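We'll go stop by stop, and each time you'll hear what to click and what to look for.

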Amino acid sequence: MIRFTHLSGNPSAVSNYTANERSQEKGIGYYSEKGGAPSQWLGSGAEKQGLSGRVDKDDLERALSGITTDGEDLSKRGNHEGKRRMGTDLTFSAPKSVSILAVRDDRIAAAHDKAVANAMRYVESDMAYARLGKGGCKTEYTGSITAAAFRHEDSRSVDGKVDPHLHTHVIVSNMTQRADGTWVSLRLDMGHGNVKQNILDEIYKSELARELKKAGYELEQTKDGFEIKGITREEIEAFSSRSREIADDLSKNGIDRKNATEAQRTAAQNTTRKGKTQLSKEDQRWEWRDRVRSEGIDADRLIAEAKNRPQLQQPDRDRQQIVREALKSGIRHVGERNTVFSQAELELEAMKSAMGEFDINDVRQTIKNKTGGLLDAGQTDRDGTGKIEQRYTTKTHLYREAEILQRAKDGQGKAIPIIQKHEPLQRNDEPVFINSEKEQQENENLRSRSNQSGFNDDKPLSELNMRSLQSRYLDADQARQNPGILSDHAQPDRPGDQGVRWPGESGNSRVAAIIKEREAKQGFSFSDGQRAGVNLALTSTDRHLGIVGAAGAGKTTSMSLIVEQYQKAGYEVIGVAPSAAAARELEAAGCHETVTLASALLKKEKDKPGKRLYVLDEAGMVSAKDFDDFYRKADSENARTLSVGDPLQLQSVEAGSAYKQLLDTGAIKSIKIDEIQRQKDPQLKEIAQAFADGNADRGVELAQPYMQQVTVSKDEDKTEKLADAASASYLSLSKDEREQTLLLVGTNKTRNAINEKVRAGLVEQGEVGKETIIVTALDKSDMTREASKKAKNYTNGMIVEFMDKEKWGDRGSRWEVMGKGDKDNQIILQSLDQEKTITVDPGKIRLSVYEKREMQLAQGDQVMFKKNDKDRDIINGSMGKIIDVDQNTGKARIQLRSGQMVSVSSKQMENLDYAYARTVHSSQGATVERAIVVGESGKVSTAQIAYVACSREKTGLQIITDDTEKLSKSWSKYSERQNAIKVTRHEITQTLPELQKSRKEAEKELHEPQPKKQQQQEIKPPQPISIPKKKKDKGKNKDMELEM
């Protein structure tokens, strides 16, 4: 594990700590005769300054002060004197089992030193850079660091005990030398999402694993790295007092360490920090050895077996095959969530599987060879300063996109319309102006000017002439991306008035009559977009169509009429949506059946269906994988589809934005319904309309008066402060007001924090009872499908569900993870009734994975179910209220909002959570009176998040943030998903059968099974490792050589 800490303050304090100087008697570690921690200068910057061997205290303090050995003082540049950062502490920590055996085996410290040195090469080559130009607008990767490494062996004291903890502090001073020889301040590039920091960690662990294998140790891979085989998890925990101390401190503050933020963990570390060892060197060693024996760890046996174990040499061909399979696994992992990804992301995922079998250079060569069907997706400047990243996609992504588009195009003109198109539009069928009354006179003037400029008013606006207008780019304003807008007074080189919409139903008297009849029945008029949508759906001859419905624009109103007309024409209409909540909202459209998209795709038809229409709601949230399956299913049934959604709202968690791609390429005909109707407050309506029009800057500007900034000091946790403010605002509302209020957040971590605080407040107010039962709640793991296939990602106590019927149990049966099996990639599962224990390979069966947590339930609690339960007729997303609890039976009764009563028990595990706060992602499609939005100024904040969050409410909006300026910048930017066809600039000219053949070959290239391994070659057992002595040098440390 690697931890980064920025250093500021007194250079002397840093040098004293890292040198670990307490006295010769009380110094713990592999020390030189002079005492103090073993140390070594690292990096080309140190070499150029003549710094080598053991680190001298004065030299380190001078480097931390920003002074080179030539006397150049960097600290006085840029008016930062006294405030300048001294450097960065990179702390490399060995796995606990390694630290335990290092007490008895000196070879382990040497292995650790070598791993640190190799990792620091990556820091120098890939992370060290300087800023150039005015305001640091350019980046130069310098390949130059001046670093001092200090190896420590002990942890901080806990209750008078010190655990063995092998780790190295690498102090990287804030200086680097540019190509022109100038010494400047150093910056370390952590990469997007800290990807480079994580690669560094994997390099260290892989190099350490390599050296330990050379020393004869057998290793067991874990979720976060590895441990030495033969030391159990319980024995490891016995030597993890410091970790338990930090976890206990977090727990006292109501924080689970697993979900704690970096700031919360750091605060707990600082709060519990004590001095290091109190024993002498010899006494501490004996104390550790005695504890190792008392815990039942036979260290002597493990070391002896390691020294005598034959070392197996991996043939080079096997090494190449291993790295290829690791990379392909990495491609499948990152490719599940993103169509386009960086080389660094691939390097990270491949290195997670390295375990010393290959290194970062092997991975880079394999990427260069385009293994797994990789395609060059170009380069991007990550932040506009010259941090260039190479990007890739895959043939699999490319051909999947192409097949979706081709299916849509092949369906054009292949359907019989519900209503046949009639005669061309006559001259008296004028466009409808949708501007306000104040602008009508201006539009009259525009039409007059249009006539004067040569527009042929005598020519009928027939379908042919409409196509002519389209070819002249007059039927859509590109800036607003609104294909329902006709550009009045337009010229070939510029758009005209943006306030004219072509009323689609005017071309068909039957459609107009149907709409008029419905309007009379419902008591209000359709908007122009709704009319156009109805006309398209009823008169088109295309099999696949689209309606772009802005948030709160009333798309369900038009869909209900469309559904009714298809049903009258003999169609079975099935409504589908990506979530159960969205499917439930779709019920208002009157479909024969509404189901989740997943359920629809799994359903097997016994007989060939008759005429069928699928209405896909929230289409923008459907991944490319699911859209591909959806179109395949529809085509196999000769069914029609109507996809309804908004590409400006939230996208799918998984890769691809197929709906947007279908719209952008014109593969499906579509109409936009964008007249906002939900908001009753004019100002709130204007905010939602701005986002709906794609004008995020304007939307954010209008939202400013609704923003409230919470002050967060340096030592305070941002999440906690936001949760305090949001819960206080929510609790200040009356009970009835809370019933019609959504508390929206961007992340589950913040949602959990707010739920706990709101609940505590309701208990204090007496609205939630004090008599409770405790149930075991399940939270779905965020594993990708690829990650779920690897045993290393499973930890004891996880709950898994079979996704298919297996020989050990039915689909949906639950099991608890008890440990790892003896063979590679196996986990041990126990049935929840504890009657069966089995060993399975997760790579060969499909599993849903959950984490357990305890949840208190009391009368008055608001809860939400997070998984469908057919036996109890529960739909995912169903919310309800605890009516009563019985501590004697451990049961609670929940009344759902539908009125249905459901019972839960402390003896059963439930997919359940509190329902006070919800993520923005889960709220898409919801409508309430007011919304309290927690706007976190981080990477999760985008214009899509802002659009959805600020369009749920009818009458009230409050936005709570930690930084108004940063949030406004984040909310002004759309998170654009790129597609494979565009980034690779491929021109797809193949037919559907040809595309399917190419796609099959691409999938084989990515998923081909690993050939049978060759027989490993046995070589002689390794001899004890000794560090070679160098020529006598006064400044060298005999006990530690870290070569760069």
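This is a predicted model: local features need pLDDT of at least 70, side-chain atom pairs count only at pLDDT 80 or more; totals for chains, interfaces and linings use all residues.

Before the first stop, one word to learn: a contact means heavy atoms within 4.5 Å. Residues are numbered from 1 along each chain as its sequence is written, and side-chain values use heavy atoms, with hydrogens and water left out.

**Stop 1: the whole chain**

Show everything as a cartoon. The chain has 34 helices and 43 strands. Of its 1044 residues, 54% are buried; that word means under 20% relative accessible area, while exposed means over 50% and partly exposed is in between (1.4 Å probe, protein chains only). Take the contacts between residues at least 6 apart in sequence: 72% of these join residues at least 24 apart.

**Stop 2: helix H18 and its two partners**

Select 509-522, which is helix H18, and 555-568, which is helix H20. Which residues of H18 meet H20? They are Ile514, Ile515, Arg518 and Gln522, and across from them in H20 sit Thr557, Ser560, Leu561, Glu564 and Gln565. The two axes are 12 Å apart, and the helices pack at an angle of about 120 degrees. Axes here are lines fitted to C-alpha atoms, for helices over the stretch in contact, and angles run from 0 to 180 degrees between N-to-C directions. H18 is therefore oblique to H20: angles under 35 degrees count as roughly parallel, over 145 as roughly antiparallel, 65 to 115 as roughly perpendicular and the rest as oblique.

On the H18 side, Val511, Ile515 and Glu519 make the contact; on the H19 side, look for Arg531, Val534, Asn535 and Thr539.

**Stop 3: a sheet with a helix across it**

Next, pick out strands E5, E4 and E10. In that order they make an open sheet of three strands with antiparallel pairing. Two strands pair if DSSP finds at least two bridges between them. In general, strands of a sheet pair through backbone hydrogen bonds, either parallel or antiparallel. E5 (138-141) and E10 (187-188) are the edge strands, each pairing on one side only. E4, residues 128-132, is joined to E5 by four bridges; zoom in on arginine 131 to find its bridge partner in E5, threonine 139. Then show helix H5 (residues 106-127), which lies across E4, E5 and E10 and runs at about 25 degrees to E4.

**Stop 4**

Which strands sit at the edges of the next sheet? Its order is E32-E31-E30-E29-E33-E28-E38, an open sheet with mixed pairing. The edges are E32 (837-840) and E38 (909-910). Inside it, E30 (residues 814-820) and E31 (residues 827-831) pair in the antiparallel sense over five bridges, and lysine 820 stands opposite isoleucine 827.

**Stop 5**

Select 891-896, strand E36. Its covered face holds Ala892, Ile894 and Leu896, while Lys891, Arg893 and Gln895 are on the uncovered one. E36 pairs with E35 (residues 879-886) in the antiparallel sense over six bridges, with lysine 881 opposite glutamine 895. This hairpin has four residues between the strands, and glycine 890 there takes a positive phi near 70 degrees.

On to E37, residues 901-905, which pairs with E36 in the antiparallel sense over five bridges. Glutamine 895 stands opposite methionine 901 in E37. The E36 and E37 hairpin also has four residues between its strands, and glycine 899 in the turn has a positive phi of about 100 degrees.

**Stop 6: two loop residues**

Click methionine 355, in the loop between helix H13 (343-351) and helix H14 (360-368). It isn't a glycine, but its phi is positive, about 50 degrees. Is methionine 355 buried or exposed? Methionine 355 is buried, with a relative accessible area of 12%.

Finish at arginine 985, in the loop between helix H33 (980-984) and helix H34 (992-1007). Arginine 985 has a positive phi near 55 degrees, and at 78% relative accessibility it counts as exposed.
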